[in-house]
Amino acid sequence: MWACVVLLWCRCSNFAPVLFKRCCAGLAAAPRERLRPAAGQGAHTGRMLDNIKKDFTTTTAAGAPAGLQGCEGLTIFVLHVRQGYDDRRRHMEAMMQAHGLHFEYVLEDDKSDLTPDVVGRYFAGNMARVQAATSCAAKHLAAYRRIVERNLEGALILEDDMLLHRDFNRVMGECLAEVRRRHLDGALCSLEDSLLKFVPRSQRRRGVHLYPARRDRLGGAYYCTRGAAMTILAEAERRKCDRPIDLFHSLLLSQGLIGYYWCHPCIASQGTACGRFCSSIDRRGRRKQRYRRRMWRLKLAYKRLVYYLR
């Protein structure tokens, strides 16, 4: 119990990253005699500590990955507002360059672009007005149109506040191979940890990154297949989108119209969720940015531990 508390504190503290790494390394390398609670259980305990170390030392630092590692030819759409978010543009361009990834912006459908014709085509209810949430959803729909019009296999869709993890290229490349191997056309694949929802350890399997899910994990970083893009566009035009785009995904998922998969490990975090950026929808977040950063680190470490023990 106390070992878990120490690991949690070290993972969350700004003042103890080195101590945390040394603690994990020391525990993983400790003699089996000291770790063995009963005869025959030493190997299991050692493997458990190795897994905890691996699970908890996943970082969001933008270290340069070793090559594209399977991401060659990946189409990436970054949803961005033309004016007022230069910090996000600089962040995104520097991060993508560090990862060696090419992308294109989706700049149409800013709030100033939302004419009655544009809104009336896809939106209804509270979403049928000029607001940030409607603009955000319209940009997602614009990305789906590009996938369909260009006859792409699929595309990675990122909002402009996303933080890619160090192992993004490797895991993303393996996810693309898995989508093709398992014929997952018609599905969305969530890549982010912004809702602090993870695949329980009891369900994880070696060599598998994508697991069927019954709910969404927001819409900041996900891979959208051509089949899913076609379905979402058709449903948005037929029934109209009356809720934020991630909740619209959930609605279609609950009705069995699209597939939804969670990626493990998560390879992206939303900057507004972890306090790096202020939300374009809720501007009150600017006053709470420092608080959000601290609470994010604490919650992330706790949730990782909880899902590891499940």
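User: What makes Glu159 a buried residue with no salt bridge?

Analyst: In this predicted model, Glu159 is buried, and the nearest side chain of opposite charge, that of Arg88, is 6.4 Å away. A salt bridge requires a side-chain nitrogen of Lys or Arg within 4 Å of a carboxyl oxygen of Asp or Glu, and with Arg88 at 6.4 Å, Glu159 therefore has none. Glu159 is found in strand β3, and, not counting residues up to four places away in sequence, Glu159 touches Leu79, Met92, Cys136, His140, Gly219, Gly220 and Gln270.

User: Why is Leu158 called buried?

Analyst: The relative accessibility of Leu158 is 0%, and since buried means under 20%, Leu158 counts as buried. Leu158 lies in strand β3, which covers residues 154-159. Leaving aside neighbours within four places in sequence, Leu158 is in contact with Ile76, Phe77, Val78, Leu79, Met96, Leu164, Gly220 and Ala221.

User: Which residues touch the most other members of the largest nonpolar core?

Analyst: Of the 40 residues in the largest nonpolar core, those touching the most other members are Phe123, Leu141, Tyr144, Leu188, Cys224, Ile232 and Phe248. At least two core residues come from each of β1 (76-79), α6 (116-122), α7 (132-149), β3, β7 (221-225), α9 (226-239), α10 (245-254) and β8 (259-263). Helix α7 gives the largest share, eight residues. A second, separate core has 30 residues, including Met96, Leu191, Tyr261 and Cys263.

User: What makes the pair Glu108 and Arg146 a salt bridge, and which parts does the pair tie together?

Analyst: The closest N and O atoms of Glu108 and Arg146 are 3.0 Å apart, and the limit is 4 Å, so the pair meets the criterion for a salt bridge. Glu108 lies in the loop between β2 (104-106) and α6, whereas Arg146 lies in helix α7, so the pair ties together parts that are 38 residues apart in sequence. Glu108 counts as partly exposed at 29% relative accessibility, while Arg146, at 13%, counts as buried.

User: How do you know that Arg182 and Glu178 form a salt bridge, and where do these residues lie?

Analyst: The N to O distance between the side chains of Arg182 and Glu178 is 2.5 Å, and because a salt bridge is defined by a distance within 4 Å, the two side chains meet in one. Both residues lie in helix α8 (residues 168-182), four residues apart, or about one turn of the helix. Arg182 is partly exposed at 30% relative accessibility, whereas Glu178 is buried, with a relative accessible area of 1%. Another salt bridge joins Asp167 and Arg170 at 3.7 Å, N to O, with Arg170 partly exposed at 32%.

User: How many salt bridges are found in the whole structure, and which residues are linked in a network?

Analyst: The search of the whole structure finds 17 salt bridges. Arg82, Asp110, Asp113 and Lys139 are linked in a network of them.

Note on methods
Residues numbered from 1 in each chain as written. Predicted model: local features only at pLDDT ≥ 70, side-chain atom pairs only at ≥ 80, totals over all residues. Heavy atoms only, no water. Buried < 20%, exposed > 50% of the residue type's maximum accessible area, 1.4 Å probe, protein only. Contact = heavy atoms within 4.5 Å. Lys, Arg positive; Asp, Glu negative; His and termini not counted. Core = buried A, V, L, I, M, F, W, Y, C linked by side-chain atoms within 4.5 Å.
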